[in-house]
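User: Could you walk me through this structure, please? I would like to start with the sheet and then turn to the helices.

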Amino acid sequence: MKTALVAGGAGFIGSFLCELLLEKGYKVFAIDNLVTGKRENIEDLLKNRNFNWIEHDITAPLHMNVSCDEIYNLASPASPVDFEKMPDFILKTSAVGHLNLLNWAKIHSAKILLASTSEVYGDPLEHPQNESYYGNVNCVGIRGCYDEGKRFAEALSMAYKRRYGVNIRIARIFNTYGPRMRPEDGRVIPNFFTQSLNGQPLTIYGDGKQTRSLCYVTDLVQGLFSLMQSEIETPTNVGNPDEYTILDIGKNVSLACGVEFRTKSFPLPENDPKQRRPDISKAQRELEWQPKVSLREGLASTLEFFKRSQNK
Ligand SMILES: NC(=O)c1ccc[n+]([C@@H]2O[C@H](COP(=O)([O-])OP(=O)(O)OC[C@H]3O[C@@H](n4cnc5c(N)ncnc54)[C@H](O)[C@@H]3O)[C@@H](O)[C@H]2O)c1
């Protein structure tokens with residue numbers, strides 16, 4: 001039986017990844033300090049005897065006497081509200097936290113995957129974004145803590161590969177959505193669902209013509225698993241290339257909720273990316289992976305989750 005450690009396992013994406021790994025027959029250790037994750041995300045998994053839960057902050061060294069085949073590092077606050085609340089902790093998690101996990105991977109000869117982000121491309125001047133693009137990031141802007149933290153973590157992964165031969169993977173994840181997102185986390189999908197279900201107009205920043213490409217979470221975690229099983233040790237985009245304007249996303253959410261599409265405009269936040277679409281030809285070619293869930297299907301399952309959360 002293979003063993004996987006999932007840092008950030010009680011988070012939105014992490015909890016889906018733990019589920020997938022258990023389905024694949026892994027013994028799973030989920031590590032999380034619950035700074036943005038929730039215990040209820042893994043409540044069902046706690047009944048599985050192959051699932052082990054460890055409450056721990058990865059910025060502290062990990063003393064765990066188990067061998068491990070694969071480490072997935074998804075631990076990091078990732079929402080715009082977090083960038084304002086805990087910028088220094090985000091940087092520390094990407095730097096010291098990832099360093100601790102890389103050292104652990106080195107000791108255990110484990111493979112280690114970093115959940116990086118499309119934010120390493122910043123407000124991109126190339127479209128769509130291919131892995132060879134170096135990005136356009138404002139390191140001193142409000143999003144700098146997250147973007148530069150992930151860029152540092154990518155560089156650290158490459159340093160450990162070159163210097164110590166650690167077996168690394170770097171997934172550049174694009175906007176992902178689905179059940180278990182925090183309703184209050186400030187990202188477009190939770191915002192639009194919460195507002196639609198409460199009869200409020202949808203918040204549109206700027207003219208709403210900026211674009212996002214949304215990947216449903218079950219597709220995303222399949223992509224992360226395939227990348228871990230591959231031999232690719234260079235950054236790889238994982239996301240859904242179907243691109244929508246924010247206004248289109250709002251219309252689709254309103255339609256899913258059966259409410260009238262109404263909006264309220266606010267100024268565009270600093271350094272908000274205007275266009276986002278992954279070039280996933282590398283993942284398609286080398287992992288034989290591509291997303292399968294349509295926006296309509298994904299929004300329907302997400303709606304059920306937000307309705308249940310409202311009734312709690
Ligand atoms: N959701 C997206 O659209 C998206 C896009 C690109 C990249 N990512 C990356 O994927 C990962 C998961 O994102 P998510 O959307 O599931 O966010 P999330 O906040 O739901 O999950 C992150 C988890 O990490 C935990 N965590 C944070 N700092 C920690 C620390 N120091 N020690 C231990 N645990 C810690 C949190 O408690 C949380 O459970 C993040 O690394 C994020 O940067 C997400």
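**Sheet and helix packing**

Analyst: The sheet is open and has 7 strands in the order 3-2-1-4-5-6-11, with parallel pairing. Please keep in mind that this is a predicted model.

User: Which strands are at the edges?

Analyst: The edge strands are strand 3 (51-55) and strand 11 (236-238), and each of them pairs on one side only. From one strand to the next, the twist averages 20°.

User: What holds strands together in a sheet, in general?

Analyst: Strands of a sheet pair through backbone hydrogen bonds, either parallel or antiparallel.

User: And how many bridges join strand 6 to strand 11?

Analyst: Strand 6 (residues 168-173) and strand 11 run parallel and are joined by 3 bridges. Within this pair, I173 stands opposite V238 of strand 11.

User: Which strands does helix 4 lie across?

Analyst: Helix 4 (residues 144-164) lies across strand 5 (111-117) and strand 6. Its direction is at about 155° to strand 5.

User: New topic: at what angle do helix 5 and helix 9 cross?

Analyst: The axes of helix 5 (residues 188-197) and helix 9 (residues 295-311) cross at roughly 60° and come within 10 Å. Helix 5 is therefore oblique to helix 9. Their crossing is right-handed.

User: Which residues meet there?

Analyst: From helix 5, I189, P190, F193, T194 and L197 meet L299, T302, L303, F306, K307 and Q310 of helix 9. By class, this contact has 7 nonpolar, 3 polar and 1 charged residues.

Notes: Residues numbered from 1 in each chain as written. Predicted model: local features only at pLDDT ≥ 70, side-chain atom pairs only at ≥ 80, totals over all residues. Heavy atoms only, no water. Axes fitted to C-alpha atoms, helices over the stretch in contact; angles between N-to-C directions. Helix = DSSP H or I, 4+ residues; strand = E, 2+ residues; numbered from the N terminus. Parallel < 35°, antiparallel > 145°, perpendicular 65-115°, else oblique. Left-handed = near helix turned anticlockwise from the far one by under 90°. Contact = heavy atoms within 4.5 Å. Nonpolar A, V, L, I, M, F, W, Y, C, P; charged D, E, K, R; others polar. Pairing = 2+ DSSP bridges.
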